[in-house]
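Please read this briefing alongside the sequence and the 3D structure.

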Amino acid sequence: MVNLVAAQKPLIHGLMKMAGIRPYTIEIESGTTMSFWVPSETISKPKKKEAKPQIIAKPTKPVVVLVHGFAGEGIVTWQFQVGALTKKYSVYIPDLLFFGGSETDKTERSPRFQAECLVTALRKLGVEKCIVVGFSYGGMVAFKMAEMYPELVQAMVISGSILAMTDSISATSLQELGFSSSSELLLPNSVKGLKALLSIAAYKKLWFPDRLHKDFLEVMFTNRKERGELLEGLVVSNKDINIPNFPQTTRRWHNV
């Protein structure tokens, strides 16, 4: 039986190309690669289908980097924002490690490591300054980027996220939501679990047939072992938390 979510991907990819961005994979270091969607004018269009595009130019407009959350890869999360943003901005959409086509053979799983890899990739792509938009898990990565690389990150927009997941916040939040662990919430293995996650993550209640939920689970929740390790790498001790003084302009949005 055809997976309906997988079947929609070529259509989404075609629409993204029409909006002015194209896929590109960049090597961070040996054993670590990140998948991106980048402005079409910054990479070549190979004549041969199997040839890899090359970086040919730096972005010509202000750069916006859209960082996805835990429930879906980059282009699925941000597909509805791309068309509006590409009119005024050079848009970059990464897949964080263990999402989409991004992977590493390193054992590090912290948001700091995600931020380091993302910044290395952006610099290789010719990005010198940017505005970072982070949703949920991507917001934590965005905060780390801003803290560690203030010369790169000019401003942040954060939605549905916090600075860091301390052990007390983690325990309290899970208890309030009725889940026993972060993995139970963020790595659902059933239609019921996915519906619960989406009901928490979405501003408005979404209705999809169970068949579509099942197909979404199959396509979007790969690398379950590594993503479970990412969740473990999120939680820090209360005594180890450090609140930086961000020089960047920051905007936070909350679901209400």
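How are α3 and α4 oriented to each other: roughly parallel or roughly perpendicular? They are roughly perpendicular to each other, in a classification where angles under 35 degrees count as roughly parallel, over 145 as roughly antiparallel, 65 to 115 as roughly perpendicular and the rest as oblique. The model is predicted, so local features need pLDDT of at least 70 and side-chain atom pairs count only at pLDDT 80 or more, while totals for chains, interfaces and linings use all residues. Residues are numbered from 1 along each chain as its sequence is written, and side-chain values use heavy atoms, with hydrogens and water left out.

**Helix α3 against helix α4**

- The axes of helix α3 (residues 111-124) and helix α4 (residues 137-148) come within 8 Å and cross at roughly 70°; helices (H or I, at least four residues) and strands (E, at least two) are DSSP runs numbered from the N terminus, and axes are lines fitted to C-alpha atoms, for helices over the stretch in contact, with angles running from 0 to 180 degrees between N-to-C directions.
- The crossing of α3 and α4 is right-handed, a term used if the near helix is turned clockwise from the far one by less than a right angle, with left-handed used if it is turned anticlockwise.
- On the α3 side the contact (heavy atoms within 4.5 Å) is made by Pro-111, Arg-112, Gln-114, Ala-115, Glu-116, Leu-118, Val-119 and Leu-122, and on the α4 side by Tyr-137, Met-140, Val-141, Lys-144, Met-145, Glu-147 and Met-148.
- By class, the residues in the contact of α3 with α4 are ten nonpolar, one polar and four charged, where Ala, Val, Leu, Ile, Met, Phe, Trp, Tyr, Cys and Pro count as nonpolar, Asp, Glu, Lys and Arg as charged, and the others, Gly among them, as polar.

**Helix α8 and its surroundings**

- Helix α7 (residues 191-201) and helix α8 (residues 210-220) have axes that come within 9 Å and cross at roughly 90°, which makes α7 roughly perpendicular to α8.
- In this pair, Val-191, Leu-194, Lys-195 and Leu-198 of α7 meet Asp-210, His-213, Lys-214, Phe-216 and Leu-217 of α8, and the contact comprises five nonpolar, one polar and three charged residues.
- The buried residues of α8 are Leu-212, His-213, Asp-215, Phe-216, Leu-217, Val-219 and Met-220, buried meaning under 20% relative accessible area, exposed over 50% and partly exposed in between (1.4 Å probe, protein chains only); what covers them includes α1 (4-19), α2 (74-85), α7 and α9.
- Leu-217 of helix α8 has a relative accessible area of 12% and, leaving aside neighbours within four places in sequence, is in contact with Pro-188, Asn-189, Ser-190, Val-191 and Leu-194.

- Leu-187, in the loop between α6 (182-186) and α7, counts as buried at 8% relative accessibility.
- Not counting residues up to four places away in sequence, Leu-187 touches Phe-70, Ser-182, Phe-221, Arg-224, Arg-227, Gly-228 and Leu-231.
- Asn-223, placed in the loop between α8 and α9 (224-234), is partly exposed with a relative accessible area of 30%, and its phi is near 50°, a positive value in a residue other than glycine.
- Most residues other than glycine have a negative phi.

- The backbone oxygen of Ser-136 lies 2.8 Å from a polar atom of the side chain of Ser-161.
- Ser-161 is in the loop between β7 (153-159) and β8 (165-166) and counts as buried at 7% relative accessibility.

**Thr-104 in strand β5**

- Thr-104 lies in strand β5 (residues 103-104) and is buried, with a relative accessible area of 10%.
- The side chain of Thr-104 makes a polar contact with the side chain of Thr-32 at 2.6 Å, a polar contact being a pair of N or O atoms within 3.5 Å of which, within protein, one must be able to donate a hydrogen and the other to accept it, with residues adjacent in sequence counting only if both atoms are side-chain atoms.
- The side chain of Thr-104 also reaches the backbone nitrogen of Lys-106 at 3.1 Å.
- Beyond neighbours within four places in sequence, Thr-104 is in contact with Gly-31, Thr-32, Leu-97, Phe-98, Arg-109 and Phe-113.
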